[in-house]
Amino acid sequence: MRHGRPRFDVLGQLGSLRRYARALTRDDGEAEELVHDALVRAYEKRSSFKPDRNLRNWLLAILHNVFIDRVRSRRSELERNARAVEMADTVVEPDQDHAVRLAQVRNNFMALPEEQRAALHLVAVEGLAYADAAATLGIPVGTLMSRLGRARAALRAMEENPSRRASSDGRLRVVGGENDAH
């Protein structure tokens with residue numbers, strides 16, 4: 001037993017700490033977390049405790065400071081979140097629109113004649129150079145360029161005139177034009 005050294009009886013102060021934490025937080029669960037964090041901080045700072053000080057007052061001051069730190073942290077987080085919401089784009093296109101648009105592009109692409117689709121795929125999707133794509137298809141570069149031009153023009157026409165878009169079965173649908181069966 002050590003004589004002349006004050007006891008560092010933290011457990012004896014738990015009742016006071018819990019009551020004060022409940023008064024500050026008004027929530028039992030949050031109060032327990034606050035006491036826990038205060039005790040951790042007290043343990044880390046135990047070398048700063050002076051034997052002539054009142055242990056209970058020292059622990060209550062630590063608990064109070066931990067509470068104030070939490071309040072400031074929450075306030076800062078709320079302000080950051082509010083600023084983030086203000087800066088965020090408030091209009092977000094629904095995912096369905098993107099999926100529908102992607103399906104339309106895919107259908108239009110699949111409606112292209114095979115030679116145009118193959119040329120466009122090798123250059124636009126696979127990223128092959130014109131010479132490499134032409135070699136892959138076994139055609140001259142000029143022919144590849146013509147097929148690419150026709151494919152792009154067809155896709156552009158489908159975009160500008162929705163009635164020329166491919167139907168969901170992948171076939172090109174022409175409505176209201178010269179090829180209309182009505």
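These legends walk you through a few close-up views of the structure.

The model is predicted, so local features need pLDDT of at least 70 and side-chain atom pairs count only at pLDDT 80 or more, while totals for chains, interfaces and linings use all residues. Residues are numbered from 1 along each chain as its sequence is written, and side-chain values use heavy atoms, with hydrogens and water left out.

**View 1. Helix H5 meets helix H6.** Here the axes of H5 (residues 114–125) and H6 (residues 130–137) come within 9 Å and cross at roughly 140°. Axes are lines fitted to C-alpha atoms, for helices over the stretch in contact, with angles from 0 to 180 degrees between N-to-C directions. Helices are DSSP runs (H or I, at least four residues), numbered from the N terminus. Look for Ala118, Ala119, Leu122 and Val123 of H5 against Tyr130, Ala133, Thr136 and Leu137 of H6; contact means heavy atoms within 4.5 Å.

**View 2. Aspartate 69 pairs with arginine 41.** Their side chains meet in a salt bridge (3.0 Å, N to O), which here means a side-chain nitrogen of Lys or Arg within 4 Å of a carboxyl oxygen of Asp or Glu. Aspartate 69 lies in helix H3 (residues 55–87) and arginine 41 in helix H2 (residues 28–44), 28 residues apart.

**View 3. Glutamate 115 reaches arginine 150.** This salt bridge spans 3.5 Å, N to O, and links helix H5 to helix H7 (residues 141–160). Shared partners join Glu115, Arg147 and Arg150 into one network of salt bridges.

**View 4. Aspartate 28 and arginine 22 form a salt bridge.** The distance is 3.3 Å, N to O.

Note on methods: Helices (H or I, at least four residues) and strands (E, at least two) are DSSP runs, numbered from the N terminus.
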